[in-house]
Amino acid sequence: MPVILHGPGYSTYSRTARLALEEKGVAYELNEVDILSGKGHAPEHLARQPWGKVPAFEHDGFHLFETFAITRYVDEAFPGPALQPADAKGRARMTQICGIVDSYAYGAMVGKVFWQEIIVPMQGGTPDAKVAEEGLAATRKALGVIEGLMAGDLLCGGGVTLADLHLLPAVEYLRMARAGASAFAASPKLSAWWDRMNARDSVVKTRPKLG
Ligand SMILES: N[C@@H](CCC(=O)N[C@@H](CS)C(=O)NCC(=O)O)C(=O)O
């Protein structure tokens, strides 16, 4: 019953899905669809993900896209440590944090701060300071809100949940940007969370290589 994840190693959302697979100990094949060279919009990938985004997922003929749907499925369909709180309030908090990442944090942290400071110069362009500054303001707000919702050493208290896996890849890229790293360092509870998460085998194994 093969599991296939379609998405490049450098993609934050693909990494979230891989983190769930790694945490559960599920063997999978990674099909590195290179979105930066336009492969996301090739007909074969659009058939898996109509918006041309990554990741897309397959298990035993079952096809799925949208990262939170994938990670929930992985947690519920496979044996291994539970990645969702057992109680309704804990699961609601976890879902809330994933929603905050999708709606407010990812675009600011990765799409603006990291993109302007790291990717634009890497591609020979000139960063747009206004976009970077807007991203930084939205990043500070999102980090403050998430830190305020933290229930313990990890985002939802207890063990690692899908919320930790949803946020972590975006934080990795945010911290590569000088301005992003200093905004993140101003969040003491999240900084301690980062150090704790960083030591996990799943996190080390899926660390993106850039450049
Ligand atoms: N809502 C999607 C978002 C996925 C997403 O934005 N993936 C990024 C890479 S981390 C992507 O595919 N970007 C390419 C594009 O937007 O064309 C999900 O939850 O899977």
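Asp60 sits in the loop between β3 and β4 (62-65). Helices here (H or I, at least four residues) and strands (E, at least two) are DSSP runs, numbered from the N terminus. Asp60 has a positive phi of about 55°, and it is not a glycine. Most residues other than glycine have a negative phi.

Before I go on, the ground rules. This is a predicted model, where local features need pLDDT of at least 70, side-chain atom pairs count only at pLDDT 80 or more, and totals for chains, interfaces and linings use all residues. Residues are numbered from 1 along each chain as its sequence is written, and side-chain values use heavy atoms, with hydrogens and water left out.

Back to the backbone. Glu66 also has a positive phi, about 85°, and is not a glycine. Glu66 is in the loop between β4 and α3. Now Pro55. Its loop runs between α2 (43-46) and β3 (56-59). The peptide bond from Val54 to Pro55 is cis, with omega near 10°. Most peptide bonds are trans.

Next, the ligand. Which residues are around it? They are Ser11, Thr12, Tyr13, Ile35, Lys53, Val54, Pro55, Glu66, Thr67 and Tyr106.

A side-chain N or O atom of Lys53 is 2.6 Å from a ligand oxygen atom. Thr67 has a polar side-chain atom 2.7 Å from an oxygen atom of the ligand. For Glu66, a polar side-chain atom lies 2.9 Å from a ligand nitrogen atom. On its own, the ligand has 510 Å² of accessible area, and the protein covers 77% of that. Those areas come from the Shrake-Rupley method with a 1.4 Å probe; for residues, only the protein chains shown count as cover.

We use a 1 Å grid over the protein atoms alone. A cavity is a set of points where a 1.4 Å probe fits but cannot get out. A pocket is an open set with protein on both sides within 12 Å along at least five of seven lines. Lining residues have an atom within 4 Å of a point. Grid points are joined across faces, edges and corners, and a volume is the space filled by probe spheres set on the points.

The largest pocket holds about 620 Å³. It has 25 lining residues, and the closest to its centre are Ser11, Thr12, Tyr13, Ile35 and Tyr106. Which element gives the most to this lining? That is α4, with 8 residues. Why does the pocket lie between the domains? Domain 1 (3-77) and domain 2 (88-204) both give residues to its lining, so it lies between them. The domain bounds come from an automatic or database domain assignment.

Last, the cavity. There is 1 of 30 Å³ or more. The largest cavity has about 40 Å³ of space. Its lining is Thr12, Tyr13, Thr16, Val101, Tyr106, His166, Pro169 and Ala170.

Conventions:
A residue is near a molecule or strand if one of its heavy atoms lies within 4 Å of it. A polar contact is a pair of N or O atoms within 3.5 Å; within protein, one must be able to donate a hydrogen and the other to accept it, and residues adjacent in sequence count only if both atoms are side-chain atoms.
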